[in-house]
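Here is a colleague's note to read beside the sequence and the model. The points can be followed one at a time.

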Amino acid sequence: MTVERHPLPRWRYPRNEVLRNQVFPSGRPPFAPFPTVTNLVNANLCPVALYHDLIHGIENALVRGDLRTVKRRGELFHNFVAYLKLSIKNGDFELRGNTQSQVNSIQNMFLHFSQSQGFRISEINDIWRLYVGPWVERKLENGELQSITSNSQIFFEISVANSHVPFPLESGVRNYPLRGRIDEIDLTQRRIIERTIRGGREDNAPPFLKDYQIWLLWKIICSLREENLPNEWRGIRFEDFELVVETPYHDFVIFDNQNFINDTHSAYAWINDISISESPGVFSEVFENAQCAPENPHTECGHLFITCFPRRYLFPRCRPEIRQTFQPWYRLLLWEQMWKGHLWHYQLLMLDKKELLELGLIVETNVVSVQNNQIELEIIEREANTLRGYEYCTVIPYGTVFCGLKLDARLVSTRNNNIVLQLSGILPTISEEAILLLSPDIPAPIMKEPPIFLEQQIQSALFRLQHIGAQNEERARRRSIIQLLESIFGTRPLRRGRR
Amino acid sequence: MNLEDINKEELNQKIEILLRIIINDLKDLKEPGEAGWRKLSDLNELGISGKDLTKLQNLGIIEKNLMNEFRIRYKDNKIRQRLSTFNIQFQQIDYFIENLEMLKQDFERLQKADKIVQEIVSRAQEDKKFLSFAIAIGIWRMLNSSDMPAVVDNVLSAGFSPKDWGIISLRSAPYFSLELAKKVAEVEKLEDAFNYMKTIRFTSETPNLDKLDIYNVSRIKEVLRWQKICEILNEENIKFLGLSWFVVFILEENDALPSYIDLSAKVANIIKECITKILRVEYSSLANNLTDSLVELEEKHDISWASGIIFLPEVL
């Protein structure tokens with residue numbers, strides 16, 4: 001549960017001049033961040049986890065073990081489930097024979113799929129045994145996979161965002177911005193699914209904070225006005241949908257929870273204060289409210305003994321000076337992200353289409369064709385050659401900026417006023433609807449998303465540099481980076497060569 | 001005998017208690033060789049019987065020393081593998097052992113900080129001159145730590161190049177700090193303050209306090225809108241800023257600031273208590289009032305750079 005913090009009197013939204021790029025971006029942004037669901041989940045875990053997320057650009061508080069491996073495996077699990085379900089729906093894969101032979105044929109399919117994604121056999125076997133296998137067996141046992149038909153309406157990886165998501169507060173409501181991505185929306189079964197590789201066979205509750213995560217995503221989609229949903233979804237009451245957290249071993253149904261509302265107000269207060277508060281004591285308050293200590297660790301937190309309580313080295317000796325010098329930079333880097341990226345999200349959701357087009361934030365197109373991972377688009381009311389320099393962009397081939405399928409794309413070629421984009425990711429994971437609905441009548445917006453991840457990488461690189469070290473003098477002398485730090489921040493004179 | 005043959009859950013509880021003993025001892029900075037040993041009578045009080053110990057001994061999990069004391073063989077890799085459900089506890093043990101030297105150093109710094117801060121409190125309460133000089137030095141330290149952020153257009157229209165601004169504006173710190181400190185403290189020259197601190201061995205040397213010529217000072221004042229900043233900051237704000245920066249400055253000078261963040265939080269609390277005692281106002285109220293002044297400067301008077309000049313020291 002979030003460490004309580006008094007709810008903000010109001011969320012600080014960007015003023016009109018800021019939204020319309022009429023204010024020169026500098027210093028502390030005159031608006032609060034546009035948070036992600038991950039930010040709120042981290043805030044709920046611990047204010048220090050949120051601090052690492054916002055200030056140090058390290059967001060993986062709930063990933064235990066090697067981050068890269070866990071992420072790769074998680075992605076494979078997600079992608080394969082989507083691939084399997086869509087293959088059944090499209091008739092590309094048929095479930096035949098008894099359960100065991102069905103399991104075997106799916107395992108065979110998984111082997112080919114994972115190999116195509118660059119996984120090695122030994123790892124594929126592990127992933128099957130630990131995650132995919134148990135999930136497949138369960139889903140065959142409860143008949144879920146067999147129930148998929150060509151009419152099933154299932155969508156994967158749908159991005160949802162709203163600048164004003166209402167949360168009850170006392171007798172009124174408080175609006176906050178929020179964005180996130182839903183793993184699966186099943187319109188036929190009327191449910192929203194958050195899928196994870198976390199969780200074990202013996203569990204009788206969903207993995208820590210997964211319930212809160214899906215609840216937040218549900219809140220976003222419920223807050224959207226009809227016109228902000230994809231055309232075909234209008235009239236659907238998402239309030240009545242079932243929320244399911246799916247682990248390899250269990251499905252947990254999540255219910256609305258009053259505690260989540262209180263947690264959310266506190267989380268937003270922490271996000272605001274860490275990011276832009278003028279209050280001088282806020283970082284002290286973060287650490288005073290830390291949810292664990294080396295002698296009393298939080299068992300679910302992935303920062304343990306890595307980001308929090310890292311190895312302490314004797315060298316460089318000037319570590320306090322390094323820390324004091326770096327400290328203000330982290331927040332400045334966050335502010336840069338807010339000016340570049342968070343403001344962009346506010347603009348997308350708060351300005352109307354005409355203004356977005358005028359500001360050059362989006363370009364409207366008609367879909368000409370889709371083949372494999374390439375999409376050809378005809379630019380509307382703009383010359384294709386004005387897109388030069390925009391080698392990478394984001395395309396929404398289905399849905400809206402509020403609720404839709406957002407894909408990263410690379411500009412491959414231009415032909416007259418048409419452009420061809422290479423879509424990233426695995427196309428089979430896109431719902432059939434997403435592709436079928438790409439008729440020439442449906443304009444697809446293209447956006448150039450600002451690369452704020454670069455600032456996040458600088459933040460985390462600075463943090464790593466701040467904690468670099470050696471335990472003995474001999475080793476410290478051999479490591480040029482430590483010598484350099486001593487020279488810059490300590491009292492050691494900087495010398496060239498061996499003297 | 002295997003772990004599987006006995007009541008695993010019950011035994012795991014005992015193992016957890018024994019591991020906790022090691023962790024607590026290490027946390028209290030005991031040497032790894034000495035950590036975790038307990039006599040049977042002590043263990044009985046924690047719910048571990050002689051029978052339990054025999055079981056654990058038969059399993060090879062615990063060791064016994066010449067003093068008839070027991071502890072888990074926590075260094076043994078085979079035992080660690082067998083007790084893999086206690087991975088976090090072993091990580092904790094490794095953390096304290098690997099960092100023991102640094103933890104000791106930081107703990108000593110913490111104790112030193114506590115001692116220095118107590119001395120600052122008693123001197124400030126007894127000696128008005130000390131308090132005045134401390135505030136002046138603190139304000140100087142704050143301005144000296146600032147990058148003097150300003151709006152580029154204003155810098156250029158005052159006739160500075162950006163490069164000149166970076167060099168010259170910082171040299172205004174002695175002048176500005178004296179001007180601000182004089183609002184609440186009896187101090188004529190910053191040198192007097194540093195010399196006084198040297199005589200009572202709070203500092204070892206006087207920094208370079210070369211003053212800038214009045215022409216440049218007035219240009220910098222104009223760019224920073226310094227008069228407005230001085231006007232909005234009230235006496236309490238100035239005392240609070242000056243004292244906070246002075247305490248941290250003295251701790252830095254005496255190598256009494258811990259290197260790592262968890263103990264820094266404790267130092268931050270020591271500093272807060274010190275400020276509260278000297279100024280006889282709750283720290284949170286001082287901080288809130290300062291925030292109000294900064295918000296007024298930034299929002300009402302459009303001095304968006306105010307919090308880049310007027311700020312508290314980063315102890316964390």
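**Notes on the predicted complex**

1. The centres of domain 1 of chain B and domain 2 of chain B, taken over C-alpha atoms, are separated by 50 Å. In the domain assignment, where bounds come from an automatic or database domain assignment, domain 1 of chain B covers 3–98 and domain 2 covers 102–309.

2. On conventions, this is a predicted model, in which local features need pLDDT of at least 70 and side-chain atom pairs count only at pLDDT 80 or more, while totals for chains, interfaces and linings use all residues. Residues are numbered from 1 along each chain as its sequence is written, and chains are lettered from A and ligands numbered from 1 in the order in which they are written.

3. As to confidence, the predictor gives the complex an ipTM of 0.80 and a pTM of 0.88. The pLDDT, the predictor's confidence in each residue from 0 to 100, averages 91 in chain B, where 97% of the residues score at least 70. Chain A averages 89, with 93% of the residues at 70 or above. Over residues 431–440 of chain A the pLDDT is below 50, and this stretch has 22 contacts in the model beyond near neighbours in sequence; a contact requires that the C-beta atoms of two residues, placed from the backbone, lie within 7 Å.

4. Between the chains, 24 residues of chain A are in contact with 30 residues of chain B. On the chain A side, α9 (282–288) and α10 (319–350) are the elements that give two or more residues, and α10(A) provides the largest share, five residues. (Helices, H or I of at least four residues, and strands, E of at least two, are DSSP runs numbered from the N terminus.)

5. The largest nonpolar core has 132 residues, and those with the most contacts inside it are Phe80(A), Val160(A), Leu217(A), Ile274(A), Val395(A) and Ile22(B). Such a core is a set of buried Ala, Val, Leu, Ile, Met, Phe, Trp, Tyr and Cys residues joined through C-beta atoms within 7 Å. A second, separate core of 71 residues includes Ile135(B), Ala173(B), Ala181(B) and Leu257(B).

6. β7(A) pairs in the antiparallel sense with β6 (residues 362–371) over six bridges and with β10 (residues 418–423) over five bridges, where pairing needs at least two bridges found by DSSP. Ile379(A) is the bridge partner of Thr365(A), and Val420(A) in β10(A) is that of Glu376(A). β6(A) and β7(A) form a hairpin with two residues between them, and Asn372(A) in the turn has a positive phi of about 50°.

7. Chain B has an open sheet of three strands in the order β1-β3-β2, with antiparallel pairing. Three bridges join β2(B) to β3 (residues 69–72) of chain B, and Ile62(B) stands opposite Ile72(B) in β3(B).

Methods. Buried ≥ 20, exposed ≤ 12 C-beta atoms within 10 Å, placed from the backbone.
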